[in-house]
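Me: I have just opened this entry and would like to be walked through it. Could we go step by step?

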Amino acid sequence: MKISVIGTGYLGATHAACLAELGHDVVGLDTDPLKIESLAAGELPFFEPGLAELLNRHVGTGRLRFTTSYEEVGAWAEVHFLGVGTPQRQGEGSADTSFVEAAVRSLAETITRDALIVGKSTVPVGTTQRLREVLRRHQDPSVEIGLAWNPEFLREGFAVQDTLHPDRIVVGVEDAAHERTLKAVYSAAEEQGVPFIVTDFETAELVKVAANAFLATKISFINALSEITETVGGDIQTLAAGLGLDERIGPKFLRAGLGFGGGCLPKDIRALQARASELGHERSMRFLSEVEDINLRRRERAVFLATAMLGELRGKKVAALGAAFKPNSDDVRDSPALDVAVRLFDAGAEVAVYDPKANFNAARRFPRLRYEESLAAAVADADLILVLTEWDEFKSMSPESLALLTPARKIVDARNVFSGDRWNSAGWEFAALGRKH
Ligand code: UGA
């Protein structure tokens, strides 16, 4: 099929490359000519395992092209996916849908053949109905342009795998023909037996934000229990294992630690609260503000542990291992790791940050911190080491291997990746979130 993907950020670039992998002819469109230039040359402007290879392969096969021209895709594609961002509005919790609206308007003004526009961005419930109005006002009435919503559930770090092998496909449609079109786009997934949920616009929009809100709640639930185990002397990881073996609960997203960050979970729980309030249901989603408070308190706790170990932070040298919001990503948006590093710096510590992929993005956001190009350089003169993102490179450290690189014998494991007993018996002072050992 001839498919365009509007917006070639994280979501759009992944979707475009994966659709080409599925055999479709794909054009990625972005209004940023620099982004288009680099993608057309096979260069990915961000880090995502496996995606650069896919991009290169299909730029090579000719199944994947890039453009800045709406006229070009409007005359050519039969399906247009929207992958533009819905950032948090400045000073408010709500999501800014103006980029989605602008994209639909541009498509409406340039589509010259019958086509289906399919939204993938995370939007407040009610957006698709509003977009229908935008379409109606701006489209050529002699062409038929349909609208559908098909939220994306991919995770950074697993974007290719999640797109090619999703655990479900949800589509909001108002017309059986649009459902058939989307089933044809995703025929490979259907053959793999991936559940296909067909519903209305509103439910499709809500499934996405509900999923992210639930995941955030699950993380904060276990982190709230960490506050209790820290006081009574229990072990949060054993508690999580005991909980997660109940099939109704499940073990995933019960990893206690520094909490959630990134471009999605924090923004989406704020946007859902804002939308619920607009709809007169402020109380329904009020608990999400507690979910966020718990999340932020974990960062304070990490700083508290560092302070307790060092006596005071002023003048002390601290190595912050990790800046990305999670491993296998160079994304530092709302990153708990980077936030802790900045808090330590603000409290007077000298902070050396090392992240295998995110140094560059972190330095752009917080140039005041010192960034080192290797683990060895970051810990070389440290008084204390904090593990803030659970990269494999950090998880593979042992007390003995690290002791060869640093004079420090104090470590805070803010992602619960080590056994405290092991580090204690090797002579290290060890602290973690939610457990003593
Ligand atoms: C999240 C969702 O998981 C995706 O399904 C969704 O499509 C995406 O947002 C989106 O809306 O675009 P992502 O932001 O890539 O994906 O990251 P997650 O893997 O969900 O992790 C989010 C944060 O939670 C990370 O900071 C991670 O370290 C933290 N986390 C995760 C925990 O602290 N504990 C856990 O048990 C799991």
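This is a predicted model: local features need pLDDT of at least 70, side-chain atom pairs count only at pLDDT 80 or more; totals for chains, interfaces and linings use all residues.

Me: Fine. How many helices and strands are there in the protein?

Reply: The protein contains 19 helices and 14 strands. Its radius of gyration is 24 Å, close to the 22 Å that the globule rule gives for 437 residues, so the protein is as compact as a globular protein of that length.

Me: What box do the C-alpha atoms fill?

Reply: Taken along the principal axes, the box is roughly 75 × 45 × 40 Å. Of the 437 residues, 48% count as buried.

Me: And what share of the contacts comes from residues 24 or more positions apart?

Reply: Such pairs account for 71% of the contacts with a separation of 6 or more.

Me: Next topic. How is the protein divided into domains?

Reply: Domain 1 covers residues 2–198 and domain 2 covers residues 200–437. Their C-alpha centres lie 32 Å apart. The contact between them takes 25 residues from domain 1 and 26 residues from domain 2.

Me: Which elements give two or more residues to the domain 1 side?

Reply: Those are α6 (127–138) and β7 (169–172). The residues on that side of domain 1 divide into 12 nonpolar, 11 polar and two charged.

Me: Now the ligand. How many residues surround it, and which are the closest?

Reply: The ligand is surrounded by 21 residues, and the closest are Glu156, Arg255, Phe260, Gly262 and Cys264. By class, the shell has 10 nonpolar, six polar and five charged residues. Helix α10 (residues 201–232) provides the largest share, three residues.

Me: Where does the ligand lie relative to the two domains, and why?

Reply: The ligand lies between domain 1 (2–198) and domain 2 (200–437), because both give residues to the shell around it.

Me: What does UniProt list under "binding site"?

Reply: The unreviewed UniProt entry gives that annotation to Asp30, Lys35, Thr86, Thr122, Glu156, Lys267 and Arg333. These residues span 304 residues in sequence, and their farthest two C-alpha atoms are 24.0 Å apart, so they do not all gather at one spot. Glu156, one of the annotated residues, is also among the closest to the ligand.

Me: Let us take Thr86. Is it buried or exposed?

Reply: Thr86 is buried, because 21 other C-beta atoms lie within 10 Å, and the cut-off for burial is 20 or more. Thr86 sits in the loop between β4 (79–82) and α5 (98–110). Not counting residues up to four places away in sequence, Thr86 touches Ala95, Asp96, Thr97, Phe99, Val100, Ser121, Thr122 and Val123.

Me: One last item: what feature does UniProt place at residues 319–420?

Reply: The unreviewed entry names it "domain: UDP-glucose/GDP-mannose dehydrogenase C-terminal". In the model, that span is 32% helix and 18% strand, and its end C-alpha atoms lie 19 Å apart.

Terms used:
Residues are numbered from 1 along each chain as its sequence is written. A residue is near a molecule or strand if its C-beta atom, placed from the backbone, lies within 6 Å of it. Helices (H or I, at least four residues) and strands (E, at least two) are DSSP runs, numbered from the N terminus. Ala, Val, Leu, Ile, Met, Phe, Trp, Tyr, Cys and Pro count as nonpolar, Asp, Glu, Lys and Arg as charged, and the others, Gly among them, as polar. Domain bounds come from an automatic or database domain assignment. The radius of gyration is taken over C-alpha atoms; the globule rule is 2.2 Å times the number of residues to the power 0.38. A residue is buried if 20 or more other C-beta atoms lie within 10 Å of its own, exposed if 12 or fewer, and partly exposed in between; C-beta atoms are placed from the backbone. Two residues are in contact if their C-beta atoms, placed from the backbone, lie within 7 Å. UniProt positions are given in the numbering used here, feature names are shortened, and annotations may be inferred rather than shown by experiment.
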